[in-house]
Amino acid sequence: MLDFVSGFVALLVSYYAYRYNRLLRSTPLLFLSFGFMLLGLGLLSEASVHLFSAVYTRQIRIFVEASAVYLVMQVAAYLVIAMGYAYEAYTKAALSSPAASLLLVGVKRPAVLLLPYRLSVTAELFSVIILAVVVYQATLVYTTSKNRLAGMVLTGFLLIMLGQAISFGGVIVLSTLGFEIGELTRFLGFLVLLGFLLRSGRSGQA
Amino acid sequence: MGKPEGVRSKLRIYLDILRVIEEEGEAIPTHILYKANLSHDRLTSYVGDLEQRGLIAQVTRGESRVYTLTPEGRKFLKELKRAEAFLSGFGISL
């Protein structure tokens, strides 16, 4: 359920980034849109396969394969988002404008514990590192602008990164509880991002 | 924020002009020029663009001409404001 909601929020962010890109022709928005789309589709497909396999097939192999595919999509999504940040930061050549931040989720349910250990650890570690870069950029954006919306994006990314880090810990110690806590933390991050979308959408009303 | 200070994108200038007109209801060119911080030549050019796109309309009030937002202009301004808010969350400039 958390994955479905998180995936929906990610796709919503992707949609708005795409919509505003049509208006503004902004490359960082394209990166954002694509990154969030990967993330949202990964979350929704993984959640759907897990639900389907749990209800109908009960085959652990499908369950595990869905998690593996999601892991790859998640890392790709984080990378695309980080690239968007880098593009904005370096092409605009202004330290005071550290580009857009992006969000991501990262939902690894206990099935991830069944994946090859090295694959899980590598993917989780990579995700945490990329997210740390994104959070750093979001922090720069917020500290230079003091913008409340930028603060919401920062909070969202921070929670997502923390959730990812907790999940990483879960992989290391093979703890199901670690995953659940990490997933919940990431979900809170997505809720904050949903709040950001709602608030930014109200800006046109004034 | 994303661009060097002092450099505004075309959309940013459109937004500034539309905002002035929205605030005033009916804005005279001098007010737009002053509040949107534009030279006369640039004002003429941008206002011409906006008029051509049907986002603002020129109305005569006595001996002076004023600009008002068209329904399309209000819609466009609303979308620009939303985009601006969305972008600000990610530190991207309009």
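pLDDT is the predictor's confidence in each residue, from 0 to 100. The legends below describe a predicted model.

View 1. Chain A has an average pLDDT of 79, and 81% of the residues score at least 70. Among the elements of this chain, helix α1(A), residues 2-24, has the highest mean pLDDT, 90. The lowest mean, 75, belongs to helix α3(A), residues 60-92. Over residues 93-109 of chain A the pLDDT stays under 50, and the model has 99 contacts beyond four places in sequence for this stretch.

**View 2. Confidence along chain B.** The average pLDDT of chain B is 86, with 93% of the residues scoring at least 70. Residues 1-5 of chain B have a pLDDT below 50, and this stretch has 15 contacts in the model beyond near neighbours in sequence.

**View 3. Crossing of helices α1(B) and α3(B).** Helix α1(B) spans residues 10-24 and helix α3(B) residues 40-52; their axes come within 11 Å and cross at roughly 85°. The two helices are therefore roughly perpendicular to each other. From α1(B), the residues Lys10(B), Ile13(B), Tyr14(B), Ile17(B) and Leu18(B) meet Arg42(B), Tyr46(B), Asp49(B) and Leu50(B) of α3(B). The residues of this contact comprise 6 nonpolar, no polar and 3 charged.

**View 4. Salt bridge between Lys10(B) and Asp49(B).** The closest N and O atoms of Lys10(B) and Asp49(B) are 3.8 Å apart. Lys10(B) lies in helix α1(B) and Asp49(B) in helix α3(B), so that the pair links distant parts of the chain, 39 residues apart. Both residues also belong to the contact of α1(B) with α3(B). Over all chains, the structure holds 8 salt bridges.

**View 5. Hairpin of strands β1(B) and β2(B).** Arg61(B) has Ser64(B) as its bridge partner in β2(B), and Thr60(B) has Arg65(B). The hairpin has 2 residues between the strands, and Gly62(B) takes a positive phi near 65°.

Methods. Residues are numbered from 1 along each chain as its sequence is written. Chains are lettered from A and ligands numbered from 1 in the order in which they are written. This is a predicted model: local features need pLDDT of at least 70, side-chain atom pairs count only at pLDDT 80 or more; totals for chains, interfaces and linings use all residues. Side-chain values use heavy atoms; hydrogens and water are left out. Two strands pair if DSSP finds at least two bridges between them. Helices (H or I, at least four residues) and strands (E, at least two) are DSSP runs, numbered from the N terminus. Axes are lines fitted to C-alpha atoms, for helices over the stretch in contact, and angles run from 0 to 180 degrees between N-to-C directions. Angles under 35 degrees count as roughly parallel, over 145 as roughly antiparallel, 65 to 115 as roughly perpendicular and the rest as oblique. Contact means heavy atoms within 4.5 Å. Ala, Val, Leu, Ile, Met, Phe, Trp, Tyr, Cys and Pro count as nonpolar, Asp, Glu, Lys and Arg as charged, and the others, Gly among them, as polar. A salt bridge is a side-chain nitrogen of Lys or Arg within 4 Å of a carboxyl oxygen of Asp or Glu.
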